[in-house]
Amino acid sequence: MNPPATADRIVQAARALLARGGAQAVSMRRIGEAIGLTPMAVYRHFPNREALLQRVADDSFDEIARHWTARKHGGDVIARLRATQRIYLDYALAWPHLFDHAFSLRRERARRYPEDFRARRSPTLNVVADVVLEAQQAGRLKPGDAWDIAMTLWAHTHGLIALYRAGRFSYDERQFREFYEASLGRLLDGLVA
C-alpha cells in the first residue's frame, strides 16, 4: 500500500488540528511539525492557510454528501429525507469544529443561495433537493420549489443544532436527538402531500 501523497498528508494534518481546536489551531507551522515538513514545504502544496482550510471544508461537504448519497436510493422517500437530516446532526455532534468551519463560519468562497445551489455547486444540498424532488414526483410531498424546500429543511436542522451547541437546550444528547426528530417530523407534516 502506497503512503498518501504529501498534499493528502497536509490535508489530513490540517483536518486533525481543526477537529481538535477549531480553525484558529491550524497553522502551516503546526501542520509541518505534525508531518515532518517545514512550513515552506507546506506552502508548495497550498498557497495559503485559507486555501488549505477551503480544501478541508470541501472535503467535509463531500464526506457528508457520500453518506447522504449512500442512503439516497431505495426505501421510503420520506424516511430517506429524514435520514439526510439525521446524518447532518450526526456529523455536527461528532465533528463540531469541522462542522462549524464548513457550515457556520463566514468564508470567502462559501456558496450562496440561490444561485450557487440551483447551479448544483453544493454537494450536500444537491442530495437533499434531489430527494425532495423525488418525493414530490411520487406524490409524497406538496408541490413547490425543491430548492426552497431543501433550504428550509437545512435551515431548520442547522438552527436546532446551533441552538443546542450554544447551550440553549437543557437536554442531554439523547433528549436533544428525540426533540430534533420530533421537530423534523412536525416540519415534514406540513410538507407531506
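This is a predicted model: local features need pLDDT of at least 70, side-chain atom pairs count only at pLDDT 80 or more; totals for chains, interfaces and linings use all residues.

Residues are numbered from 1 along each chain as its sequence is written, and side-chain values use heavy atoms, with hydrogens and water left out.

Now the fold. There are ten helices and zero strands. The C-alpha atoms fill a box of roughly 60 × 40 × 35 Å along the principal axes. Of the 193 residues, 43% count as buried; that means under 20% relative accessible area, with exposed over 50% and partly exposed in between (1.4 Å probe, protein chains only). Residues 24 or more positions apart make up 64% of them.

One annotation. UniProt lists residues 27-46 as "DNA-binding region", in an unreviewed entry. Its positions are given in the numbering used here, the feature names are shortened, and annotations may be inferred rather than shown by experiment. In the model that span is 65% helix and 0% strand, and its end C-alpha atoms lie 12 Å apart.

Next, α8. Which residue sits in the loop between α7 (115-118) and α8 (123-137)? Ser122 does. Ser122 has a relative accessible area of 3%, so it is buried. Its side chain reaches the backbone nitrogen of Leu125 at 3.0 Å. That is a polar contact: a pair of N or O atoms within 3.5 Å; within protein, one must be able to donate a hydrogen and the other to accept it, and residues adjacent in sequence count only if both atoms are side-chain atoms. Leaving aside residues up to four places away in sequence, Ser122 touches Arg111, Asp116 and Phe117.

The expected span of a helix is 1.5 Å times one less than its number of residues. The 15 residues of α8 should therefore span 21 Å, and the end C-alpha atoms are 22 Å apart, which agrees. Buried residues of α8 include Leu125, Val128, Val132 and Ala135. After α8 comes Gly139, with a positive phi near 80°.

Asp76 is in another loop, between α4 (49-70) and α5 (77-94). Asp76 is at 35% relative accessibility, so it counts as partly exposed. A polar atom of the Asp76 side chain lies 2.9 Å from the backbone nitrogen of Ala79.

On to α10, residues 173-191. Its 19 residues reach 27 Å from first C-alpha to last, close to the 27 Å expected. What caps its N-terminal end? Asp172 does, with a side-chain oxygen 3.2 Å from the backbone nitrogen of Arg174. Phe176, Tyr180 and Leu188 are among the buried residues of α10. The cover over those buried residues includes α5 and α9.

Last, the largest pocket. Its volume is about 270 Å³. Of its 16 lining residues, Phe103, Arg107, Ala110, Arg111 and Trp154 are the closest to the centre.

Notes: Helices (H or I, at least four residues) and strands (E, at least two) are DSSP runs, numbered from the N terminus. Contact means heavy atoms within 4.5 Å. On a 1 Å grid over the protein atoms alone, a cavity is a set of points where a 1.4 Å probe fits but cannot get out, and a pocket is an open set with protein on both sides within 12 Å along at least five of seven lines; lining residues have an atom within 4 Å of a point. Grid points are joined across faces, edges and corners, and a volume is the space filled by probe spheres set on the points.
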